[in-house]
Amino acid sequence: SLSEDELADLNYYQVLHLPYKPNITPDDVKKAYRKASLIYHPDKSGRGEEDAVFLKVKAAFETLSSPQRQAYDSTEMNFDDSIPDENVTPEEFFEEFAPVFERNLHFDARLLGDNGNKKNNNNKKNRRKSKQISSKPPSLGDASTSIEQVHEFYDYWTHFTSWRDFGMQAARELETQDHLENAESRYEKRWFQKEIDRHAKKLKQQEQARITTLVERAMATDPRLIEERKRLIQEKEMKQQQRKQEALDKKRREEEARLEEERKAQEEKERKAQEKLQREKEKKMLRKAKQAFRKLVAEALQALLEPEHSLEDQVDDICAKLNRDQLLKFNARLESLQSDAAQVVQAVRKRANNLDQQAQEQEEDENDAPNSNGASTTEETTVVTITSASASNKKVPFTMEELSTLAKGVKKYPPGGANRWDQIASYINNVCRPETPRTKEECIEVYNQNKTAKATPTANGNANGTSAPAAKTADSDEDVWTDEQDKQLQDGLAKYPATMDKNERWTSIAKGVPGKTKKQCVNRFKAIRDA
């Protein structure tokens, strides 16, 4: 039997003569209490109802048979919370960590099963799984344990859930247990309970952090995982070397294929070199002839104090329609008239008008000529002389999309720019993608036809023989700039620097150019800059 002097050193399990195990059931507690009552009940011992031994037996039964048992086991029973430090060597690993993991299994919620009321298994499958986990938790093993079992062990502890309840410790640390029991109202009692729960939750978080630290230190020190990490690093390096070698082999094969392709391309290039050289030579001679022609016209206009772009269209038309020999002959004629600038300008205009008239007559002849069925056609295109042999090629009429793009190109590339019509033809080909690329000669011809059609409308509605309205060209008022307006624009650009606000700057410039809006000034500036 127990005496009052021994009670201070005994816990509730020792008072009821029960082993300290987490899987003790309420039935086990009830049986132990009945046995103790046969010894310490006042009716049996004769010590009275205030006997300290019986009161502690009764308190032990009430605590261990109620939900407060987990709080009692968690904080009132002695437990070593220490974990190994970070300086444990791999040789000391199993000796240091094995007992710590075994000791902390005491608080594993999965080992409680149905007895600890920690989990409610609602079907046979969950109960069977819970029973299997409770009976066989993974162990730390030794150096010979397979790496699969090692990963299973750490996966088990990574998902470890402790059933420890820190309610009693929280109440003791906050010194609120007496206030909770003697609360004057339910509101006061509820407030004290919330404070206890809040502090208990904080202690539970610290407990979970302790278990996490234990697992992390073990994984960092475990010699089996260290070897596994080394093996994975070696495998990764081997795979990288293999991929690197494969990449080198692939690069070598590609290089060999490239060299072979270059050899074939070089042979083809050498074969076409002479042909290209001859074509470049002819182009260069034609270009020099055009440059000499433009220079003669520019000098004549300068002598007459006329704008340089006043004969831009006629000069472009002559350069496009005459071949090298014809242009050299015409240059020789202009050089003979160089002393009289007026005659030079008159000769250029006359030659341009003759070329336009010849093109129109040729187009009319083709339009009046019967086709294979005896009917006249308006869909045959004009024949333009572009080589020394005066070869004729059939042309496809411009579509509405191409006419619209031509009008935009004339705006985009204003007179005065280098290779203007080459740029316009390239612009049409890039936007419309025709089956047969348009040449600058075709663009000049259609442009001139549209100008004539605007001045004298034909029965068909436009110069291209279609029933659609004529394409919008660069002759609109907003695109016609006089020399004075160009000078005013240049003065405005110099007066208002680019450091000003963009909107304010162009508004000020437009005010200095009468008859032009801000947008027109910006477009003119861009056209001159791009040219």
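User: At what angle do helix 8 and helix 11 pack, and how far apart are their axes?

Analyst: Two packed helices are described by the angle between their axes and the distance between the axes. In this predicted model, helix 8 (residues 147–158) and helix 11 (residues 186–221) pack at about 160 degrees, with axes 10 Å apart. Helix 8 is therefore roughly antiparallel to helix 11, a term for angles over 145 degrees. Axes are lines fitted to C-alpha atoms over the stretch in contact, and angles run from 0 to 180 degrees between N-to-C directions. Helices are DSSP runs (H or I, at least four residues), numbered from the N terminus.

User: Which residues of helix 8 and helix 11 meet?

Analyst: Tyr154, Trp157 and Thr158 in helix 8 meet Ile211, Val215, Ala218 and Met219 in helix 11, contact being heavy atoms within 4.5 Å. Six of these residues are nonpolar, one is polar and none is charged.

User: Which residues have the most contacts inside the largest nonpolar core?

Analyst: In soluble globular proteins, nonpolar side chains tend to be buried together. Here the largest nonpolar core has 22 residues, and Phe293, Val297, Leu311, Ile318, Leu334 and Val348 have the most contacts inside it. Such a core joins buried residues through side-chain atoms within 4.5 Å; buried means under 20% relative accessible area (1.4 Å probe, protein chains only). Helix 15 (341–368) is one of the helices that each supply at least two residues, and helix 15 gives the most, with seven.

User: What limits apply to the model?

Analyst: Local features need pLDDT of at least 70, and side-chain atom pairs count only at pLDDT 80 or more, whereas totals for chains, interfaces and linings use all residues. Residues are numbered from 1 along each chain, and side-chain values use heavy atoms, leaving out hydrogens and water.

Definitions and conventions: Angles under 35 degrees count as roughly parallel, over 145 as roughly antiparallel, 65 to 115 as roughly perpendicular and the rest as oblique. Ala, Val, Leu, Ile, Met, Phe, Trp, Tyr, Cys and Pro count as nonpolar, Asp, Glu, Lys and Arg as charged, and the others, Gly among them, as polar. Buried means under 20% relative accessible area, exposed over 50%, partly exposed in between (1.4 Å probe, protein chains only).
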